[in-house]
Amino acid sequence: MSKSWWKIVCVVLLVYTIVAGLLIKVPNLPALGQTSRNLFFHVGMWMCMMTLFTISAVNAIRYLHTYNLKYDIYARQYATSGILFGILGYTTGAIWMSYTWADPNNPLFDSFSAIAREPKLIGAAIALLIYFAYMVLRDSINDMDKRARISAVYNIFAYAMLFPAIWIVPRILPSLHPGQEGNPALDFKDVSQLMRMVEWPAFLGWSLLGVWITTLKIRLSILKERKLMQ
Amino acid sequence: MDNYLENTFINIKRTKVDAMRKLKPLLLMLLLLFISGIMNAQDGSKESTVGEFMRSDQRSYVVIAVILTILAGIVLYLVRLGRRIGKMEREGQSGSRQ
């Protein structure tokens with residue numbers, strides 16, 4: 001239990017996120033209304049995904065540095081959890097946009113085609129598909145060392161692609177997402193101070209939850225490897 | 001029949017069965033199912049303070065209670081999973097030493 005303090009921090013932060021995130025007063029913005037509370041949950045998923053992919057890339061570099069297969073397992077499991085949280089971010093975003101961006105006055109198809117042009121949606125899809133390809137690439141190579149080396153290099157490329165796909169390009173093209181002029185999710189001068197008090201703990205809490213799940217998966221896959229060796 | 005009675009008693013031994021272990025989660029689930037009933041049972045005529053609090057502010061606290069319960073379930077699951085993996089790790093280490 002010596003290493004479990006951060007798990008307690010994670011639980012406390014998530015409880016705080018849920019209680020404060022649902023109770024604080026949020027500014028009543030046009031079309032958004034009360035749904036801006038989703039900043040703590042939907043955006044939290046993407047922040048968690050970014051954290052996990054970052055740790056995955058760092059471990060890929062560490063593998064290339066040391067050729068220790070342990071880091072290959074780390075990189076793989078962090079990428080898998082990152083994909084999980086990315087899919088959660090996508091799903092929650094789909095729910096959110098159905099009641100904010102989707103225009104109830106237009107026919108469903110017109111409304112959808114307007115949203116499908118949203119560059120951040122396409123960018124996030126590209127980023128996730130690149131990571132899906134990472135999994136496919138890994139599992140198609142049988143030799144352990146070759147697999148670890150090739151997938152570590154690919155992992156770094158995939159991480160590099162994340163930035164244009166979900167951070168840069170959606171800011172250049174006309175987008176429904178906020179953030180055309182700066183970075184509203186990280187630097188909120190235009191939205192209430194109160195929300196920022198919940199936002200950062202929320203991001204940290206979700207990221208820690210992702211790390212927690214991944215450490216369990218890592219330990220399990222190391223056990224599996226050890227059993228194969230015996 | 002009576003002749004065998006003595007022997008039958010000898011053969012029966014009280015052993016701990018797995019039934020209780022299997023029943024435990026079921027009992028816990030039943031407790032959780034009825035917990036709201038238990039909380040409301042204290043006061044029939046007058047509203048209890050818990051109920052009063054939960055019904056205030058357009059009953060939004062109910063949603064928070066639900067989400068927190070889900071979170072608690074997930075966290076408990078993760079903690080138990082971690083313990084089980086830790087046990088497996090210790091078993092694997094002692095196995096490899098032999």
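Let's start with a crossing: helix 3 of chain A passes helix 7 of chain A in a right-handed crossing. (A crossing is left-handed if the near helix is turned anticlockwise from the far one by less than a right angle, and right-handed if clockwise; helices are DSSP runs of H or I with at least four residues, strands are E runs of at least two, and both are numbered from the N terminus.)

Before you go on, some ground rules: this is a predicted model, where local features need pLDDT of at least 70, side-chain atom pairs count only at pLDDT 80 or more, and totals for chains, interfaces and linings use all residues. Residues are numbered from 1 along each chain as its sequence is written, while chains are lettered from A and ligands numbered from 1 in the order in which they are written.

**Exercise 1. Describe how helix 3 and helix 7 of chain A pack.**

Step 1: Know what to look for. Two packed helices are described by the angle between their axes and the distance between the axes.

Step 2: Get the geometry. The axes of helix 3 (residues 69-98) and helix 7 of chain A cross at roughly 135° and come within 9 Å. Here axes are lines fitted to C-alpha atoms, for helices over the stretch in contact, and angles run from 0 to 180 degrees between N-to-C directions.

Step 3: Name the arrangement. Helix 3 and helix 7 of chain A are therefore oblique to each other. (Under 35 degrees would be roughly parallel, over 145 roughly antiparallel, 65 to 115 roughly perpendicular, and the rest is oblique.)

Step 4: Find the residues. On the helix 3 side of chain A you have Ile73(A), Tyr74(A), Gln77(A), Tyr78(A), Ser81(A) and Phe85(A), and they meet Gly210(A), Ile213(A), Thr214(A), Lys217(A), Ile218(A), Ser221(A) and Ile222(A) in helix 7 of chain A. (Contact is when C-beta atoms, placed from the backbone, lie within 7 Å.)

Step 5: Sort them. The contact of helix 3 with helix 7 of chain A splits into seven nonpolar, five polar and one charged. (Ala, Val, Leu, Ile, Met, Phe, Trp, Tyr, Cys and Pro count as nonpolar, Asp, Glu, Lys and Arg as charged, and the others, Gly among them, as polar.)

**Exercise 2. Which residues have the most contacts inside the largest nonpolar core?**

Step 1: Pick them out. The largest nonpolar core has 49 residues, and Met49(A), Phe53(A) and Ala75(A) have the most contacts inside it. (Such a core is a set of buried Ala, Val, Leu, Ile, Met, Phe, Trp, Tyr and Cys residues joined through C-beta atoms within 7 Å; buried means 20 or more other C-beta atoms within 10 Å of a residue's own, exposed 12 or fewer, partly exposed in between, with C-beta atoms placed from the backbone.)

Step 2: See who contributes. Helix 2 of chain A gives the largest share of this core, twelve residues.

Step 3: Zoom in on Ala75(A). Ala75(A) touches Ser56(A), Asn59(A), Ala60(A), Tyr63(A), Ala152(A) and Asn155(A), not counting residues up to four places away in sequence.

**Exercise 3. Which elements of chain A touch chain B?**

Step 1: Count. 13 residues of chain A are in contact with 14 residues of chain B.

Step 2: Assign. Helix 1 (5-23) and helix 7 of chain A each give two or more residues to this side, and helix 7 of chain A gives the most, with seven.

Step 3: Classify. The chain A side has eleven nonpolar, no polar and two charged residues.

Methods: Contact = placed C-beta atoms within 7 Å.
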